[in-house]
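Here's a quick tour of a structure, from its charged surface to its nonpolar core and its salt bridges. Have the viewer open and follow along.

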Amino acid sequence: MTLFLVETSCSLIGWLSLYILLCYVNGKRGSEWNCRLVTLIHGVLIVCVTAYIGFVDGPWPFTHPGSENTPLQMLALLLSLGYFLFDMIWCVYFRTEGPVMLAHHTLSILGIVSALGMGESGIETCAVLFGSEITNPLLQARWFLKRTGRYDSLTGDAVDLLFITLFASVRMGIGGRMLYCELVSPKPKMVMKWGGVAIYGLSCVFMVDIARFACRKTRAKYRRWQEQRKLENANGHAGK
C-alpha cells in the first residue's frame, strides 16, 4: 500500500509539474490551454504505450481478461492514474466540466485503482484506456482549432469526421466486443465486470451527444450549401 501511494503520488506530481512548466513557458495562453496540452500529451503517450501492450507485449485482451498484471501494464496504469487525479482536481477547481465527464474520470480512477490493487485485469484496463484515449487528441485538436479561429475550415471538418468515426468504431464497436469478452469470461472479478458496464454506459451517453452534434452540423452544412447555391443561381441570372 505504501509503495502504491508513493508511485501514485510521483505520477500525480509529474503531471502537475508538467502543467506548471507549461504555464510558466506558455503563460499568455491561459490555464485551460495548458491543461489541454497536458491532456493531449497524456492521450498520445498512453495510446502509444497501451497499443504496444495490447498488440506486441500481450496478452491479447479479448482472450485473456482477468490475467495477472505485467510491469508494463502497471506502469501504464500508474501514468494514467496520476493524470486522471490531476485532471479531476483541475476540473473541480476551475469548474469546467459537467457531471458526465466527472463521472467518467471517477470511474477511470476507480477502475485503475481496482486493477492495481487486485494485481490483475491490467490488460483489459489498458485496452479500455487505449479505446477511450484514442479519440482524445482529436478532441483537443478541435478545441485548439476553435480557440485559434481555424475550426470552420476543411481541417475542422476532417477532425470532426475522424473523431466521430473513431468514437463509433473503437469505443462503441470494439469496446462493445471487449465488454462482451469481459462479461462472459469467468476469470475477471465482478467489480471489473460492473466497472466495464458502467464505463460503456457512459460511452453510450457520449455517443448520443456526438450523434446529436453530427446531425446539427450536417443540417447546418446543408443549409449553407443551399443558400450558397441559391446565391450563385441568383448571380447567374443577374449576369444574364
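Let's start with R216, which sits in helix α8, the helix covering residues 190-239. This is a predicted model, so keep that in mind throughout. How exposed is R216? Its relative accessibility is 47%, so R216 counts as partly exposed, since the exposed label needs over 50%.

## Overall layout

Zooming out, the chain has 8 helices and 0 strands. Reading along the sequence gives α-α-α-α-α-α-α-α.

If you're setting up a box, the C-alpha atoms fill one of roughly 80 × 45 × 35 Å along the principal axes. Of the 240 residues in the chain, 40% are buried.

## The nonpolar core

Nonpolar side chains tend to be buried together in soluble globular proteins. Here, the largest nonpolar core has 26 residues. Which of them touch the most other members? Those are V38, L77, F86 and I112. At least two residues of this core come from each of α1 (2-25), α2 (31-57), α3 (71-94), α4 (99-118) and α5 (122-133). The biggest giver is α3, which puts in 10 residues.

## A nonpolar patch outside

Some nonpolar side chains are found on the surface instead: Y180, L183, V184, M190, W194 and V197 make up a nonpolar patch there. Together they have about 630 Å² of accessible area. Which helices supply at least two residues each? That would be α7 (154-184) and α8.

Take M190 as an example. M190 belongs to helix α8, and its relative accessibility is 52%. That is over the 50% cut-off, so M190 counts as exposed.

## Salt bridges

How many salt bridges does the count come to? The answer is 7. One of these pairs R147 with E32, and their closest N and O atoms are 3.9 Å apart. With a salt bridge taken as such a pair within 4 Å, R147 and E32 make the list at 3.9 Å. Because R147 is in helix α6 (residues 136-147) and E32 is in helix α2, the pair ties together parts 115 residues apart in sequence. R147 is exposed, at 52% relative accessible area, whereas E32 is partly exposed at 24%.

Next comes R142 with D160, where the closest N and O atoms are 2.9 Å apart.

K221 and D157 form another salt bridge, with the closest N and O atoms 2.8 Å apart. K221 lies in helix α8 and D157 in helix α7, so parts 64 residues apart in sequence are tied together by the pair. K221 is partly exposed, with a relative accessible area of 34%, and D157 is also partly exposed, at 25%.

Terms used
Residues numbered from 1 in each chain as written. Predicted model: local features only at pLDDT ≥ 70, side-chain atom pairs only at ≥ 80, totals over all residues. Heavy atoms only, no water. Helix = DSSP H or I, 4+ residues; strand = E, 2+ residues; numbered from the N terminus. Buried < 20%, exposed > 50% of the residue type's maximum accessible area, 1.4 Å probe, protein only. Core = buried A, V, L, I, M, F, W, Y, C linked by side-chain atoms within 4.5 Å. Patch = residues over 30% accessible without salt bridge, like charges linked within 9 Å, V, L, I, M, F, W, Y side chains within 5 Å. Areas by Shrake-Rupley, 256 points an atom, 1.4 Å probe, with all protein chains shown as cover.
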